[in-house]
Amino acid sequence: MLSESARATTREEQRFRIDAPNSKARAIKVIALDRASETVLRRLAQQPWRSAAFMTVLNKQPSAQPVGGWLADLAGETMSLIEQIRSADVVVTLSSAGENSEMAGVVAEACRAQGKQMTALILDAAGAPAASLLKTLVPLRPCASMLVVASGEEYVEAMLTALRA
């Protein structure tokens, strides 16, 4: 008797194979929430991605502007947060350990309103002190469906690749 693996490779079973890619690119929106993570975001944006869009926060004060007035593309053009999230499959926020991550709450609320998942990545700058990490992590914890302390820029790149950006 053939094992499942052996049976799956027989000529008879080949007729059931689908000759098409098994996954499509997802529309990934990546938002840097602070200046340090914006630097990383700009480097990542230079790589070839299938369907990732990279954005930054113009004004780092949560109450300074309405929801539509504080998000920008990398060229500095203002964008609508609601429109960006509406067209996304997954939203990824990028924060740096020790930085204020309160803007993530605005992004999370817009994601909830649109029924979208938010992944939050925290860049742990060479093992930031626990107090610095907590300053960033605590506001993110209730917002994100997935919260990751990334060991470096390479981890962020690997996560975007895994998300099929």
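Of the 165 residues in the chain, 39% count as buried, where buried means under 20% relative accessible area, exposed means over 50%, and partly exposed lies in between (1.4 Å probe, protein chains only). The model is a predicted one, in which local features need pLDDT of at least 70 and side-chain atom pairs count only at pLDDT 80 or more, while totals for chains, interfaces and linings use all residues. Residues are numbered from 1 along each chain as its sequence is written, and side-chain values use heavy atoms, with hydrogens and water left out.

**Overall architecture**

The chain contains 7 helices and 7 strands; these are DSSP runs numbered from the N terminus, with helices being H or I of at least four residues and strands E of at least two. Along the sequence, the elements follow the order α-α-β-α-β-β-β-α-β-α-β-α-β-α. Contact is taken as heavy atoms within 4.5 Å. Among contacts between residues at least 6 apart in sequence, 71% join residues at least 24 apart. The chain exposes about 9,100 Å², of which carbon and sulfur atoms supply 52%; accessible areas come from the Shrake-Rupley method with a 1.4 Å probe, and for residues only the protein chains shown count as cover.

**The α3–α7 pair**

Helix α3 (residues 35-45) and helix α7 (residues 153-162) have axes that come within 11 Å and cross at roughly 50 degrees. Therefore, α3 is oblique to α7, given that angles under 35 degrees count as roughly parallel, over 145 as roughly antiparallel, 65 to 115 as roughly perpendicular and the rest as oblique. The axes are lines fitted to C-alpha atoms, for helices over the stretch in contact, and angles run from 0 to 180 degrees between N-to-C directions. The crossing of α3 past α7 is right-handed, a term for a near helix turned clockwise from the far one by less than a right angle, with anticlockwise being left-handed.

On the α3 side, the contact is formed by Val-40, Arg-43 and Leu-44, which meet Glu-153, Val-156, Glu-157 and Leu-160 of α7. By class, this contact comprises 4 nonpolar, no polar and 3 charged residues. In this classification, Ala, Val, Leu, Ile, Met, Phe, Trp, Tyr, Cys and Pro are nonpolar, Asp, Glu, Lys and Arg are charged, and the others, Gly among them, are polar.

**Selected residues**

Two further residues of α3 may be considered. Glu-38 is found in helix α3 and is buried, with a relative accessible area of 13%. Ala-45 also has its place in helix α3, but is partly exposed at 25% relative accessible area. Leaving aside neighbours within four places in sequence, Ala-45 is in contact with Phe-54 and Leu-74.

In strand β5 (residues 90-96) lies Ser-96, which counts as buried at 8% relative accessibility. Beyond residues up to four places away in sequence, Ser-96 touches Asp-34, Ala-36, Ser-37, Ile-122, Leu-123 and Thr-136.

Strand β6 (residues 117-123) holds Thr-119, a buried residue with a relative accessible area of 0%. With neighbours within four places in sequence set aside, the contacts of Thr-119 are Val-90, Val-91, Val-92, Thr-93 and Met-146.

Helix α5 (residues 103-114) includes Val-107, which is buried with a relative accessible area of 0%. Not counting residues up to four places away in sequence, Val-107 touches Ile-31, Trp-70, Leu-81, Ile-85, Val-91, Thr-93 and Met-118.

| Residue pair | Separation in sequence | C-alpha to C-alpha distance |
|---|---|---|
| Glu-38 and Val-57 | 19 residues | 8.6 Å |
| Ala-45 and Leu-74 | 29 residues | 8.8 Å |
| Val-107 and Ala-144 | 37 residues | 9.7 Å |
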